[in-house]
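Thanks for coming. I will take the chain as a whole, and then a few of its side chains.

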Amino acid sequence: MGNSALKAHLETAQKTGVFQLTGKGLTEFPEDLQKLTSNLRTIDLSNNKIELLPPLIGKFSFLKSLALNNNKLTALPEELCKLKKLETLHLNGNHLRQLPAAFGQLSALKTLSLSGNQLRTVPTQLSGLRHLDVVDLSKNQIQNVPDTVGELQAIELNLNQNQISQISVHISHCPRLKVLRLEENCLELSMLPQSILSDSQISLLAVEGNLFEIKKLRELEGYDKYMERFTATKKKFA
């Protein structure tokens with residue numbers, strides 16, 4: 001992509017607050033974007049070949065939405081965590097194994113998509129995010145869900161297509177969790193905490209494609225209580 005094309009995109013971005021450059025084979029984050037640190041609200045650099053997010057990302061203090069889906073990122077800089085206005089972060093289809101230590105400082109974050117990465121556990125940093133609504137951790141390499149998940153504020157947690165065989169009973173303590181997706185994992189029925197059914201806020205539990213028949217779920221204690229929540233929620237949205 002030529003300089004003139006990039007210049008045109010930058011000029012548009014200056015007016016609109018949106019910089020979108022997808023599927024152009026970019027191998028690095030455009031350095032010229034730093035001229036617009038106070039203008040940009042949205043950056044979308046999805047479907048490129050970017051391997052590194054530079055520390056200068058921390059200067060975009062008004063950024064609300066950042067998308068870098070389908071790139072080649074293996075790590076994220078700590079500076080990303082300075083983005084106090086960031087509400088939406090899409091990083092699907094990269095090679096991320098962990099999140100920066102200070103990730104919990106992204107205090108405005110509402111939507112986080114990390115599908116198709118190489119995470120091995122549910123990052124503990126997520127428990128500090130008070131405004132989180134939707135977390136997508138599907139298609140990773142997660143094997144267990146730790147106790148810290150009990151402090152997660154999310155309304156929806158997607159853990160489909162991982163390798164989960166153990167879930168902390170603390171998941172039933174999540175104060176706002178309504179939708180829990182656990183399809184296509186390695187769960188035995190005995191490893192599914194019954195408190196998810198009997199004593200949680202969860203009104204949609206998706207567990208197809210694990211190591212048990214769905215009809216066996218109906219025999220568990222607490223299933224009736226879960227169905228009451230499920231039905232009540234369905235009526236609300238009908």
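Helices here are DSSP runs of H or I with at least four residues, and strands are runs of E with at least two, numbered from the N terminus. By that count, the chain has four helices and eleven strands.

This is a predicted model: local features need pLDDT of at least 70, side-chain atom pairs count only at pLDDT 80 or more, and totals for chains, interfaces and linings use all residues. Residues are numbered from 1 along each chain as its sequence is written, and side-chain values use heavy atoms, with hydrogens and water left out.

Of the 238 residues in the chain, 47% are buried. Buried means under 20% relative accessible area, exposed over 50%, and partly exposed in between, with a 1.4 Å probe and protein chains only.

Now the rings. Rings of Phe, Tyr and Trp (its six-membered ring) pair if their centres lie within 6.5 Å; planes under 30 degrees apart are stacked, over 60 edge-to-face, and the rest tilted. The whole structure has three aromatic pairs. One is edge-to-face, between Phe-29 and Phe-60, with 6.2 Å from centre to centre and 75° between the planes. Phe-29 sits in the loop between β1 and β2, and Phe-60 in the loop between β2 and β3, 31 residues apart. Both are buried.

Another pair, Tyr-226 with Phe-230, is tilted, at 6.1 Å and 40°. These two are four residues apart in helix α4, so about one helical turn separates them. Tyr-226 counts as buried because its relative accessibility is 5%, whereas Phe-230, at 22%, is partly exposed. Ring pairs join Tyr-223, Tyr-226 and Phe-230 into a cluster.
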